[in-house]
Amino acid sequence: MSQLEVDEDHALGHLRLTARLNTSALDSRRGVVRLHPEAIAALGLREWDAVSLTGSRTTAAVVGVAPGGTPTGTALLDDVTLSNAGVRETATVIVAPVTVYGARAVTVSGSKLATDSISSATLRQALLGKVMTVGDTVSLLPRDLGPGTSTSAATAALASSVGITWTSELLTVTGVDPAGPVSIQPNSVVSWGSGLEPSSSDSTGAHTISPARTAPAVSFDDLKGSHVQAGKLTEWLKLSLDEPQLLETLGATPNLGVLVSGPAGVGKATMVRTVCAERRLVELDGPEVGGAGRRRPVEPGVRRGRVGARRRWGAADLRCRRPVAGHCR
């Protein structure tokens, strides 16, 4: 039986696990790696956080809890993820936490039928919430993003475009922007082709999308399905930052907080950035607030840690009232 090994010298830690084929239809070719709960805890992660997987090459995936009876030293990967990591079944795979960025743009290549028939919008629907890097193979099988979400729209659009063949279609990721592991978001530009050029700031030779292909700014009218929430957030920010005297008259204080939550891929960050387009926005990263209280400007599309985790945002004039267990209250 494989042993659970943690590299204590590495700042983030990693595990050397035995790769096994995951035969679950629920996870098939969807970029999910299943680990024993003790392995997830040893990495300091929670379910649906992102991890890197390294064999003869490095890829990324989201982590889920393995079925009962799975040995602690086992990583369950589907056939495509095994290939992306460059490992065979029973070989050793190195699993480690990884920072994932929201994709501004991604290009993929596929069969002529898929390329000619599937639109960019349908591509984005099929890949929503998946984590990928340049050179990865990805399927069109949509990922289950949690309660309250459905993959029926994506599957219907795919079936209408190419018929039943969409279930076995495999694509190759030819470019990502920004470089590194990215997660497909509702505002990511996903298109066919290469459209790549070497990044002048990347010494590793990785490729990114040409700046001309980056995602355009999202207007308030384009926030489909979240107009009510965006309106409430706009009103709250205006009252807190622009009319604090009114709050004082009402016996309240601007030192309030707002929590934007929801499943991965529903557009939480996009909504906040659109609402705060004319304000200086900073991100309060939970673990950092609970520690040194550091702040930094938001980088476009950055997603740290848990894929689809709750995010806390605030304008520059807001304050974190009390950090409790790594969160602002």
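Guide: Let's start with a term: buried means under 20% relative accessible area, exposed means over 50%, and partly exposed is in between, using a 1.4 Å probe and protein chains only. One thing to keep in mind is that this is a predicted model, where local features need pLDDT of at least 70, side-chain atom pairs count only at pLDDT 80 or more, and totals for chains, interfaces and linings use all residues. Residues are numbered from 1 along each chain as its sequence is written, and side-chain values use heavy atoms, with hydrogens and water left out.

Visitor: Is Arg-143 buried or exposed, then?

Guide: Arg-143 counts as buried because its relative accessible area is 6%. You'll find Arg-143 in the loop between S10 and H5. Those labels are DSSP runs numbered from the N terminus: helices are H or I with at least four residues, strands are E with at least two.

Visitor: Which backbone oxygen lies by the side chain of Arg-143?

Guide: Here we need polar contacts, meaning pairs of N or O atoms within 3.5 Å; within protein, one must be able to donate a hydrogen and the other to accept it, and residues adjacent in sequence count only if both atoms are side-chain atoms. For Arg-143, a polar side-chain atom lies 2.7 Å from the backbone oxygen of Gly-129. Arg-30 is 113 residues away from Arg-143 in sequence, yet their C-alpha atoms are 5.8 Å apart.

Visitor: What does the side chain of Ser-139 reach?

Guide: The Ser-139 side chain reaches the backbone nitrogen of Leu-141 at 3.2 Å. Ser-139 sits in strand S10, residues 137-139, and is buried because its relative accessibility is 1%. Contact, by the way, means heavy atoms within 4.5 Å. Leaving aside neighbours within four places in sequence, Ser-139 has contacts that include Arg-29, Lys-130 and Glu-169.

Visitor: Which residues have the most contacts inside the largest nonpolar core?

Guide: The general idea is that in soluble globular proteins, nonpolar side chains tend to be buried together. A nonpolar core is a set of buried Ala, Val, Leu, Ile, Met, Phe, Trp, Tyr and Cys residues joined through side-chain atoms within 4.5 Å. The largest one here has 25 residues, and Val-106, Ile-118, Leu-123, Met-132, Leu-140 and Ile-184 have the most contacts inside it. Elements giving at least two residues each include strand S8 (105-109), helix H4 (120-127) and helix H5 (152-162). There's also a second, separate core of 20 residues, with Ala-19, Val-33, Val-51 and Leu-82 among them.

Visitor: Where does Leu-158 lie?

Guide: Leu-158 lies in helix H5, and it is buried because its relative accessible area is 0%. Beyond neighbours within four places in sequence, Leu-158 is in contact with Ile-118, Thr-122, Ala-126, Leu-140, Gly-163 and Trp-166. Leu-140 is 18 residues from Leu-158 in sequence and 8.3 Å away in space, C-alpha to C-alpha.

Visitor: In what order do the six strands close into a barrel?

Guide: Two strands pair if DSSP finds at least two bridges between them. The barrel's order is S1-S5-S2-S4-S3-S6, with mixed pairing. Take S2 (residues 32-35) and S5 (residues 74-77): they pair in the antiparallel sense over two bridges, and Leu-35 stands opposite Ala-75 in S5.

Visitor: How many helices and strands does the chain have?

Guide: The chain comes to nine helices and 22 strands, and buried residues make up 44% of its 329 residues.
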